[in-house]
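Subject: Structure for your review

Dear colleague,

Please find the structure below, together with its sequence. I would ask you to look through it first and then read the notes that follow.

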Amino acid sequence: MKAETVRKMKWGVERRYEFIEFRLYWEGRINRADLTTVFGISTPQASMDLNAYIKDAPNNLSYDKSAKTYVRGKKFKARYFRPDPEEYFAQLSAIHFGLVSSEQSWIKTVPHVDATPRPERDVDSEILREFLSAIRERVALLIVYQSMSTAEPSRRVIEPHAFASDGFRWHVRAYSQKDEEFRDFVLSRVREIIDHKDCVSSPEQDLDWSTEIILEIAPHPHLSPQQSAVIQQDYGMVKGSKKIPVRKALVFYALQQMRLDPRYGENPLGQQIVLLNATDVLNEINMANEWGC
């Protein structure tokens, strides 16, 4: 379909076409009831959508009279949907952890799934709302914060501009007026928001946030050629390595999450991937001495 034609389509119709292709690609079938259930449209409208889609992509589906449903064509080629395993697993994970119901997801047949438990961090919804407002309006917040370095909570004036996750907990990225630098503040440790203040910085000054660092990973050098090939395939490496862009502010968390100890030892099964440019990366984040590199 021509780009100009797609631009003229109503967003709702294009979204329903994307859903049709999602179901056809991942589940191999779709019917009118799927469209009416997910989008709340009428049965006649669902029929119109399917008929219009068939006219647009006749090779992508056909009607199975015995099953009374549309099935994926052998020459299926997505036009409105990009198959993405990570997106599929994100939906599956959201269902598993109760973030959305199966009815809210585009996945119809939910496979059996489990995951390692993720202890929830107690983030107050009203505090989160205040941070969202502060970021939108560009105001500073006088907060009561419990750090790990002090026995009692203390007052701080911070200027939030972004959120970041280390995979286990959420931080707010903010300028600390007391420390005169940008830092990460764990949201669950914000005890109270007392007042609004004026900002003295701008998000553009947070160079650690805007600077990108490349992590170049490769299989552990002591893996066998066969094991190395498996790891390369796992991570989609090209010519034995893969480059991963990360914000400078998140590099330390990325190293932790990927279990990338720059001082990797002789045990390749204990750390299957290594950081090829460890010295450069650690120098960038001023941690070379701490890691002994």
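On a 1 Å grid over the protein atoms alone, a pocket is an open set of points where a 1.4 Å probe fits, with protein on both sides within 12 Å along at least five of seven lines; its lining residues have an atom within 4 Å of a point. Grid points are joined across faces, edges and corners, and a volume is the space filled by probe spheres set on the points.

This is a predicted model, in which local features need pLDDT of at least 70 and side-chain atom pairs count only at pLDDT 80 or more, while totals for chains, interfaces and linings use all residues. Residues are numbered from 1 along each chain as its sequence is written, and side-chain values use heavy atoms, with hydrogens and water left out.

The largest pocket has a volume of about 620 Å³. Among its 23 lining residues, Arg173, Arg183, Asp184, Ala249 and Tyr253 lie closest to the centre. At least two lining residues come from each of strand S6 (170-176), strand S7 (181-186) and helix H9 (251-257); helices (H or I, at least four residues) and strands (E, at least two) are DSSP runs, numbered from the N terminus. S7 gives the most, with 5 residues.

Salt bridges

There are 15 salt bridges in the structure, each being a side-chain nitrogen of Lys or Arg within 4 Å of a carboxyl oxygen of Asp or Glu. One of them joins Asp34 and Lys108 at 3.0 Å, N to O. Asp34 lies in helix H3 (residues 32-39) and Lys108 in the loop between helix H5 (85-96) and helix H6 (125-137), so this pair ties together parts that are 74 residues apart in sequence. Asp34 is buried, at 7% relative accessibility, whereas Lys108 is partly exposed, at 47%. Here, buried means under 20% relative accessible area, exposed over 50%, and partly exposed in between (1.4 Å probe, protein chains only).

Arg183, named above for the largest pocket, also forms a salt bridge with Glu181 (2.7 Å, N to O). Arg183 is partly exposed, with a relative accessible area of 31%, and Glu181 is partly exposed at 34%. Salt bridges with shared partners join Arg156, Asp179, Glu181 and Arg183 into one network.

Yours sincerely
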